[in-house]
Amino acid sequence: MTSRWVADLVLGVRLAVGGSRTSWARLALTAAGVGLGVVVLLLAASIGPAREAKSERVRAAALDLAAAAGPLRAREVAVSWQGRRIVGVELAATGADGPAPPGVGRLPRPGEVVVSPELLHLIETDDSVRARFPERVIGVIADVGLPRPKSLLFYAGLSDVHTEGATPATGFGTDQPRPTLLPVYRLLMVAAIGALLVPLGIFVLVATRLGATGRDRRLAAIRLVGASRAQVRWIASGETLTGAVLGLFVGVALFFAARPLARFIEVEGVGFFPTDLLPDPLLGAVIAVGVPVVAVVSALVALRTVDIGPLGLVEAVDQPVRRAWWRFALIGAGAVVLVVISVVGSFRRVMADSVTAVALGAGIGLVLAGTGAVLPWLVARVADRLHPEEVAPMLAVRGLRSDSGMPRVLSGVVVVLTGSLTLQILLGVAAQFTAESALDARSEADRWVLGVSEHTPIRSLEEAIALVGGVQRVSEVRTYAPRGEVPVLLVSTDCAEIAARLGVDDCAPGSAYRTSDGPAVPPVGTRLTVGEQTWAVPEHEVVPGKVPGLFVASGSDPVLGAVPPSELVVVGDPDQAFGDSLLAATGRVDRGVELRSTFQAGQVELFTSLRSGVIGGSVLLTLLAVVGLAAAAVDQVWERRRHTAVLTANGVPSRVLASAALWQSAIPTGLGVALAIPVGLGTAWLVVPAERFRVDWAELATTVATAVVAVLVVSLCTLPALRHAIRPDSLRTE
């Protein structure tokens with residue numbers, strides 16, 4: 001008995017590989033389609049191991065800080081450049097020999113620096129970057145010491161000026177890595193995975209069903225010579241299994257052939273080395289077994305819809321009723337999850353809490369899956385109720401009634417379109433929140449806020465800033481939060497800065513202010529300890545506003561004047577070139593000075609770029625689904641070539657048949673777009689605050705137009721196959 005089903009399985013394999021050129025072409029098309037899907041699945045299975053490998057390198061390069069003395073003195077610094085952050089560590093050995101960072105041969109001395117390859121390229125090509133790294137470059141950090149190929153990282157020698165403020169460290173390597181992924185990225189990844197898996201699964205299923213009509217005819221011939229129904233199923237399994245296994249090998253080969261390109265590809269700070277991209281063994285095994293199993297199961301399920309009789313007749317069996325409740329239940333379940341999250345939490349919490357972000361992504365994934373399931377049902381219902389008078393639309397509607405392949409492939413396009421519309425709005429709101437933070441840090445375009453440490457040489461820094469052209473004012477801002485029964489933030493700065501922040505016009509040295517809607521401050525005369533001295537809360541004026549803190553004008557209070565400045569506010573030109581010049585000047589004194597407004601602006605630019613990335617990603621995923629659509633459309637034309645030739649022989653013009661093919665694509669495409677836009681926008685509306693819901697109609701039009709044009713182009717590409725099908729030799733067997 002076992003040998004019998006093995007023989008039937010082998011016969012199916014022989015039918016797949018031992019046929020005519022048409023069989024080979026069909027097998028190659030199936031293998032190519034399954035191979036593309038396998039490449040994406042292997043890439044998804046590699047994300048976890050790649051992030052783990054990246055985390056291992058981050059852990060190995062992290063400073064192991066010491067409670068007291070250690071063999072190293074270290075100071076972590078970050079340099080802003082055009083919205084990007086160049087991070088590094090300034091190091092000095094306390095003894096004869098100190099441990100070197102991973103990927104670095106020896107510790108750099110004062111006046112020396114070791115940089116990553118990407119930073120070396122910027123130093124060689126950009127004068128503003130070179131001005132911030134005046135040291136002599138003595139080496140390049142090896143891959144083992146870099147989080148990703150395009151990391152902007154450096155290790156520099158610690159100067160004597162900053163040795164006192166440096167932190168003692170025992171070496172490198174810790175079990176507490178820095179977070180490498182913002183929660184909003186987690187949200188993006190979860191939602192993107194949901195938008196990817198649905199069209200990808202549809203793509204693989206369609207690829208394994210190519211040539212199904214021809215296969216059914218061959219099985220009918222085998223049934224005619226005496227094969228049982230069970231034998232037919234084993235033969236069909238062998239034929240389908242051949243294309244799936246060949247596609248699996250093609251996908252693995254393409255994955256490892258394209259893996260070296262990962263070194264040159266980085267999207268918004270996310271990149272990996274080629275060696276990082278190795279699929280998880282368990283997920284790889286699931287893919288290796290799952291793809292052939294899914295292909296075979298889909299083929300066997302498809303056989304339930306046809307009756308392969310002993311007389312060689314292939315008759316359609318009554319299709320099961322397409323139930324709609326579970327399709328809409330998926331959308332409803334996802335909407336409930338989104339509503340609960342919106343009621344219980346907030347969008348800020350989603351951006352800050354990874355668990356909430358994952359739950360939100362799961363809700364979006366349910367909505368996307370439901371959208372993909374609703375489209376075939378919707379197309380079937382519309383096709384049943386359409387009764388056009390013209391010949392071309394009538395042929396298209398009859399084709400949609402008898403074939404659900406195209407709506408299923410289009411559902412992948414609709415899922416991608418829906419997800420991209422939702423993510424565009426989510427990232428736009430995230431950019432608004434970040435922009436507000438930037439405005440809080442710098443309320444006017446010409447105010448530049450420099451963050452300094454207590455060991456920064458303020459006088460040298462101010463002298464360097466004075467040499468920058470366009471500087472109008474430099475204000476020192478001292479902040480201190482003394483402990484007490486009533487917590488209070490003390491802010492001491494000059495009158496010009498107080499006037500800019502509070503809008504007062506009667507400021508004089510020693511004047512004190514607080515805002516009416518801000519936090520409460522201790523009563524007048526309350527004794528507080530500032531530094532090591534006692535300080536009494538002075539008489540203060542209440543002014544409109546909600547800025548927190550007690551503001552005291554500098555110039556007459558020696559206690560507050562002894563507190564080291566925490567910020568320098570520079571008033572100058574509002575353009576970014578001034579900010580770059582400011583950073584170049586301060587970097588020569590202390591590279592640890594941070595231009596906070598530049599970093600915030602860079603975050604706004606990051607989210608804006610991510611929105612563009614979502615559009616680009618949706619285009620790529622749409623192209624993947626379109627490949628399956630093209631293969632299914634061409635296969636459909638080829639399998640129906642005799643029917644088409646009969647119509648032509650009976651006088652139906654070729655332009656009518658071409659128009660029918662376009663109608664057969666246009667109807668489900670229009671329904672898909674009409675479904676994707678309200679679902680995508682409605683999903684985003686459930687997530688973001690109502691007052692921040694904004695739709696960028698230009699981006700929406702771009703995304704929708706891309707999907708529509710791609711589907712129509714595929715329809716036009718089927719016209720050559722249609723022209724070949726209506727030739728007279730297609731009737732030679734009739």
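The following paragraphs lead the reader through the structure, from its overall make-up to single residues.

The structure is a predicted model, in which local features need pLDDT of at least 70 and side-chain atom pairs count only at pLDDT 80 or more, while totals for chains, interfaces and linings use all residues. Residues are numbered from 1 along each chain as its sequence is written, and side-chain values use heavy atoms, with hydrogens and water left out.

The protein has 22 helices and 19 strands; helices (H or I, at least four residues) and strands (E, at least two) are DSSP runs, numbered from the N terminus. Of the 734 residues in the protein, 47% are buried. Here buried means under 20% relative accessible area, exposed means over 50%, and partly exposed lies in between, with a 1.4 Å probe and protein chains only. A contact means heavy atoms within 4.5 Å. Among contacts between residues at least 6 apart in sequence, 80% join residues at least 24 apart.

One part of the fold is an open sheet of seven strands with mixed pairing, in the order S1-S7-S2-S3-S6-S4-S5. Two strands pair if DSSP finds at least two bridges between them. Strand S1 (63–65) and strand S5 (136–140) stand at the edges with a single partner strand each, so one side of each has no neighbour in the sheet. On average, neighbouring strands of this sheet are turned by 40 degrees against each other, direction ignored. Strands of a sheet pair through backbone hydrogen bonds, either parallel or antiparallel.

Strand S6 (residues 153–157) illustrates both arrangements. Five bridges join S6 to strand S3 (residues 84–93), and these two strands run parallel. Three bridges join S6 to S4, and this pair runs antiparallel. Phe 154 in S6 is the bridge partner of Gly 88 and also of Val 115, while Tyr 155 in S6 stands opposite Val 89. S6 is mostly covered, with five of its five residues buried. Leu 153, Tyr 155 and Gly 157 point one way from the strand, and Phe 154 and Ala 156 point the other way.

Helix H3 (residues 117–125) packs on the sheet, touching strand S2 (72–81), S3, strand S4 (112–115), S5 and S6. The direction of H3 makes about 120 degrees with that of S4; axes are lines fitted to C-alpha atoms, for helices over the stretch in contact, and angles run from 0 to 180 degrees between N-to-C directions.

The next topic is the interior. In soluble globular proteins, nonpolar side chains tend to be buried together. A nonpolar core is a set of buried Ala, Val, Leu, Ile, Met, Phe, Trp, Tyr and Cys residues joined through side-chain atoms within 4.5 Å. The largest such core has 35 residues, and those with the most contacts inside it are Leu 338, Leu 360, Ile 364, Leu 375, Leu 417 and Leu 426. Among the elements that give two or more residues to this core are helix H9 (325–344), helix H11 (354–385), H12 and helix H13 (405–441). Apart from this core lies another, of 16 residues, including Leu 63, Val 114, Ile 141 and Ala 169.

Helix H12 (residues 391–402) has 12 residues and should span 16 Å at 1.5 Å a residue, and its end C-alpha atoms are 17 Å apart, which agrees. The expected span is 1.5 Å times one less than the number of residues. In H12, Ala 392, Pro 393, Ala 396, Val 397, Gly 399 and Leu 400 are buried. Seen down the axis of H12, these buried residues fall within an arc of 160 degrees, so they line one face of the helix; the arc is that of the directions from the helix axis to the C-beta atoms. The face turned away from the buried side carries the exposed residues Arg 398 and Ser 402.

Nine of its 12 residues are buried, so H17 is largely enclosed by the rest of the structure. The buried residues of H17 pack against several elements, including S2, helix H4 (127–132) and strand S10 (447–451).

Two single residues complete the account. Ser 475, in strand S11 (residues 473–480), is buried, with a relative accessible area of 0%. Ala 674, in helix H20, is exposed, with a relative accessible area of 52%. Ala 674 and Val 414 are 260 residues apart in sequence and 9.6 Å apart in space, C-alpha to C-alpha.
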